[in-house]
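Please read them alongside the sequence and the coordinates.

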Amino acid sequence: MVSGMQVSQRTEINVEILRRDGSEAKPYRQHFRIPYRPGMNVISVLMEIQVNPVTADGKTVAPVVWDCSCLEEVCGACSMFICGRPRQACSALIDQLPDPIILEPLHKFPVVRDLVVDRQVMFDNLKRVKAWIHIDGTYPIGSGPRMNEKIREKMYAISKCMTCGCCLSVCPQVNDRSAFVGAAPIAQVRLFNAHPTGSYMKSERLDALLEDGGVAACGNAQNCVRACPKQVPLAESIADVGMQTTLRAAKRFLFG
Ligand code: SF4
Ligand code: SF4
Ligand code: FES
């Protein structure tokens, strides 16, 4: 690694990428060296490699595959490990990164190819906890009930979740032996349960989180809190939903 001063004076960028030719293929590392331009981010570095996929030792290779869409840290598609930290490639500025820049696919998710992972499990878990509000028909139904301003403000912070998967990628409880849904779906349960219309499915969401892999599987290590690029209040949401599930379990015990 080079110091901050050296990084700001650099004329080229060294990039090391953990690649895989397919989901079953063995991973390997490749080193690229590309010309530096001011204002570059990791996506623009990957675009340079795509245009000229030649390694630092002069070998022409298959272009590196990655995913992106919004390019403004909203969709989560470009999430990957950048120098050991899960984050979005579109908002990772080269001037703020060490050299070499090390890129790896997001941990804990099946690799499709190179830096592309399959985040389907996150969407399946959102379905599992019914993280939505039913709308009856396609016609305009007018404005919904107003929310208390303080609650709305709190819930807005949760609504910023972009399903990027960074919280799951660092969670020790997310692994092959566990059905744990992860922090993001738990926070979404809090969001939809707090909504005046969404709350009518509150019991069903809490029942889903009382099953194997639900909120009780959280080990409270809070790695997720540090990893979330949107500062979703994950620890607070896990505690809140944990309380809601306890009350729900007590109610089920007493009233069936
Ligand atoms: S608190 Fe720890 S165990 Fe719980 S979801 Fe976050 S990282 Fe995972
Ligand atoms: S809670 Fe944060 S880290 Fe987790 S998926 Fe949402 S935005 Fe990403
Ligand atoms: S491309 Fe959408 S978050 Fe980076």
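1. A salt bridge is here a side-chain nitrogen of Lys or Arg within 4 Å of a carboxyl oxygen of Asp or Glu. By this rule, one salt bridge crosses the interface of domain 1 and domain 2. The partners are Lys230 and Glu73, with 3.5 Å between the closest N and O atoms.

2. On conventions: this is a predicted model, in which local features need pLDDT of at least 70 and side-chain atom pairs count only at pLDDT 80 or more, while totals for chains, interfaces and linings use all residues. Residues are numbered from 1 along each chain as its sequence is written, chains are lettered from A and ligands numbered from 1 in the order in which they are written, and side-chain values use heavy atoms, with hydrogens and water left out.

3. The domain assignment (automatic or from a database) gives domain 1 as 4–117 and domain 2 as 120–255. Their C-alpha centres are 32 Å apart. Domain 1 brings 13 residues to the contact and domain 2 brings 15, contact meaning heavy atoms within 4.5 Å.

4. About 1,000 Å² is buried between domain 1 and domain 2, 60% of it on carbon and sulfur atoms. Buried area is the accessible area (1.4 Å probe) that two parts lose on being put together, summed over both.

5. On the side of domain 1 that touches domain 2, β3 (79–82) and β4 (85–88) each supply at least two residues. The most come from β4, with three residues. Strands are DSSP runs (E, at least two residues) and helices likewise (H or I, at least four), numbered from the N terminus.

6. The whole structure holds 13 salt bridges. One of them pairs Arg33 with Glu12, the closest N and O atoms being 3.5 Å apart. Because Arg33 lies in strand β2 (residues 28–35) and Glu12 in strand β1 (residues 12–19), the pair ties together parts that are 21 residues apart in sequence.

7. Two backbone features deserve a look. Asp99 and Pro100 are joined by a cis peptide bond, with omega about 5°; Pro100 is in the loop between β4 and β5 (101–104). Gln222, not a glycine, has a positive phi of about 65° and sits in the loop between α7 (202–210) and α8 (223–227).

8. Gln222 is also one of the residues around ligand 1, which include Cys171, Cys218 and Cys224; a residue counts if one of its heavy atoms lies within 4 Å of the ligand.
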